[in-house]
Amino acid sequence: MKVSNWQKSAFAMSLVGLVWSTPALAEQISITDDSGRTITFDEPVNRAVVFNRYNAEFVRAVAGMDAIVGVDSWVTRDPTYWPNLKDGMLAGEGQREPNYEAIVALEPDVVIFPRNGAWQEAIKTLEPFDIDVVVLTGWDVLKHETNITAFGQMFDASDRAEKLNAFYVRYRDMLKTRLEGVEPKPVYLEEKTEYKSVLPGSGWHDMIEAAGGRNIFGDVDIETQPKAKGTVHNFEVDPEAILTADPALIVKLQPGSYPLHTAEFSRAFFSEVQARPGFDELAAVQAGEVYHMNYYLAGGCSKIIGALQIAKWLHPDLFADVDPGAAMQEWLEVWQGVSYPGRYWTSLAEYRAVQ
């Protein structure tokens with residue numbers, strides 16, 4: 001059959017089209033985020049605005065600080081931990097208060113929110129500017145591996161992501177193996193505010209359970225509670241319920257600060273907690289098993305380092321050979337690129353020893 005010049009030309013063009021289109025298809029990256037959406041990128045992300053400190057830590061760990069062009073105020077409030085911040089990077093007062101004018105000016109490829117941030121509003125607002133919004137929740141302990149894998153795919157840094165997951169899994173599996181069959185001990189974890197604790201659905205609750213503890217408020221269903229009592233991350237509790245539960249361990253979360261808090265800062269809490277009505281009768285207070293713990297340790301690498309530290313307090317014989325401080329040092333120096341300032345906790349027993 002004779003082939004016309006037009007047919008030859010059309011065939012040649014189709015081959016050219018295949019050659020041109022194949023690399024684009026090969027380079028496409030698809031992830032499914034916490035909202036259940038599948039987001040597809042034609043090429044790796046180079047510029048990201050990141051909301052929530054945990055998300056920012058993971059992007060820095062996987063892709064490096066150069067990939068972050070904008071952050072929220074939770075990051076900028078601690079410049080010693082983020083020495084590479086530059087003027088003009090502030091993109092909002094928090095994960096629920098993005099500054100869209102600032103975001104657009106930063107020209108990001110993507111904006112990353114946790115699922116309790118303003119991502120739904122952001123999708124609608126940023127769509128006309130062709131800026132993708134991805135929902136990944138760095139504070140969610142149970143999603144660590146899938147989160148890190150997604151960051152690795154987005155930023156073309158899967159090798160680095162796999163190594164970070166290995167760091168996390170090493171301690172997660174250690175906790176699971178050593179605590180198998182061990183009876184959980186009751187734990188009261190108090191947020192920064194007096195008599196504010198955590199419920200199922202928060203990463204802090206999962207941290208307690210991973211450590212071989214039992215959250216004394218783990219049976220409270222947030223859906224049945226008045227909204228005025230707070231959220232799963234910061235829930236107002238009845239002091240009488242703490243006394244009734246008689247926890248074996250009390251952990252007070254300090255405000256997050258990369259530089260270590262002063263000894264006086266912790267002493268003020270230990271003095272106050274012993275003066276609370278009825279607390280002198282609690283087993284934890286009597287034994288000195290009350291700990292003032294910095295958010296940076298508690299939240300280290302999806303809270304796995306916090307879980308490791310609480311496990312060592314609750315079950316010292318099972319974790320005698322484990323040094324959570326060394327794990328924290330590796331997290332900071334290897335994965336965050338900052339120095340380890342020293343131990344991020346102190347205890348009531350130590351406070352009493354110097355009185």
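These entries go from the whole chain down to single residues.

**Ground rules**

I am working with a predicted model, in which local features need pLDDT of at least 70 and side-chain atom pairs count only at pLDDT 80 or more, while totals for chains, interfaces and linings use all residues. Residues are numbered from 1 along each chain as its sequence is written, and side-chain values use heavy atoms, with hydrogens and water left out.

**Entry 1: the whole protein**

I began with the overall figures. The C-alpha atoms fill a box of roughly 100 × 40 × 40 Å along the principal axes. I found 15 helices and 14 strands; helices (H or I, at least four residues) and strands (E, at least two) are DSSP runs, numbered from the N terminus.

Of the 355 residues, 48% are buried. Buried means under 20% relative accessible area, exposed means over 50%, and partly exposed is in between (1.4 Å probe, protein chains only). The accessible surface is about 17000 Å², and 52% of that belongs to carbon and sulfur atoms. These areas come from the Shrake-Rupley method with a 1.4 Å probe, and for residues only the protein chains shown count as cover.

I also looked at contacts, meaning heavy atoms within 4.5 Å. Among contacts with a separation of 6 or more, 64% are between residues 24 or more positions apart.

**Entry 2**

Next I traced an open sheet of three strands, ordered E8-E11-E10 with antiparallel pairing. Two strands pair if DSSP finds at least two bridges between them. Strands E8 (196-197) and E10 (230-231) are the edges, each pairing on one side only. E10 is joined to E11 (residues 234-236) by two bridges, and Gly 230 stands opposite Phe 235 in E11.

**Entry 3: the cores**

In soluble globular proteins, nonpolar side chains tend to be buried together. With that in mind, I looked up the nonpolar cores, which are sets of buried Ala, Val, Leu, Ile, Met, Phe, Trp, Tyr and Cys residues joined through side-chain atoms within 4.5 Å.

Which residues touch the most other members of the largest core? They are Ile 112, Met 154, Leu 164 and Trp 331, in a core of 77 residues. Helix H13 (residues 300-314) gives the most to this core, with nine residues. A second, separate core has 21 residues, including Tyr 195, Ile 242, Ile 250 and Leu 348.

I then followed Met 154 further.

**Entry 4: Asn 55**

Asn 55 is in helix H2 (residues 53-63) and is buried, with a relative accessible area of 0%. What do its side-chain polar atoms meet? One lies 3.2 Å from the backbone oxygen of Phe 51, and the backbone oxygen of Leu 136 is 2.8 Å from a polar atom of the Asn 55 side chain. Leaving aside neighbours within four places in sequence, Asn 55 contacts several residues, including Val 50, Ile 112, Pro 114, Thr 137 and Phe 151.

**Entry 5: salt bridges**

I took a salt bridge to be a side-chain nitrogen of Lys or Arg within 4 Å of a carboxyl oxygen of Asp or Glu. By this rule the count is 14.

Lys 143 and Asp 34 form one of them, at 3.8 Å from N to O. Lys 143 sits in the loop between strand E6 (132-135) and helix H6 (144-154), and Asp 34 in the loop between strands E1 (29-32) and E2 (38-41), 109 residues apart. Lys 143 is partly exposed at 31% relative accessibility, and Asp 34 is partly exposed at 22%.

Arg 178 and Asp 321 meet at 2.7 Å, N to O. Arg 178 is in helix H7 (residues 158-178) and Asp 321 is in the loop between H13 and helix H14 (324-335), so this pair ties together parts 143 residues apart in sequence. Arg 178 is partly exposed at 27%, whereas Asp 321 is exposed at 58%.

For Arg 276 and Glu 190 I also noted a salt bridge, at 2.7 Å from N to O. Are these two residues buried or exposed? Arg 276 is buried, and so is Glu 190.

**Entry 6: positive phi**

Last, I checked two backbone angles. Asn 52 has a phi near 90 degrees, a positive value in a residue other than glycine. Asn 52 is in the loop between strand E3 (48-50) and H2, and is buried at 2% relative accessible area. Ser 302, in helix H13, has a positive phi of about 60 degrees although it is not a glycine. Ser 302 is buried too, at 3%.

Note on methods:
Polar contact = N/O pair within 3.5 Å; in protein donor to acceptor, adjacent residues only side chain to side chain.
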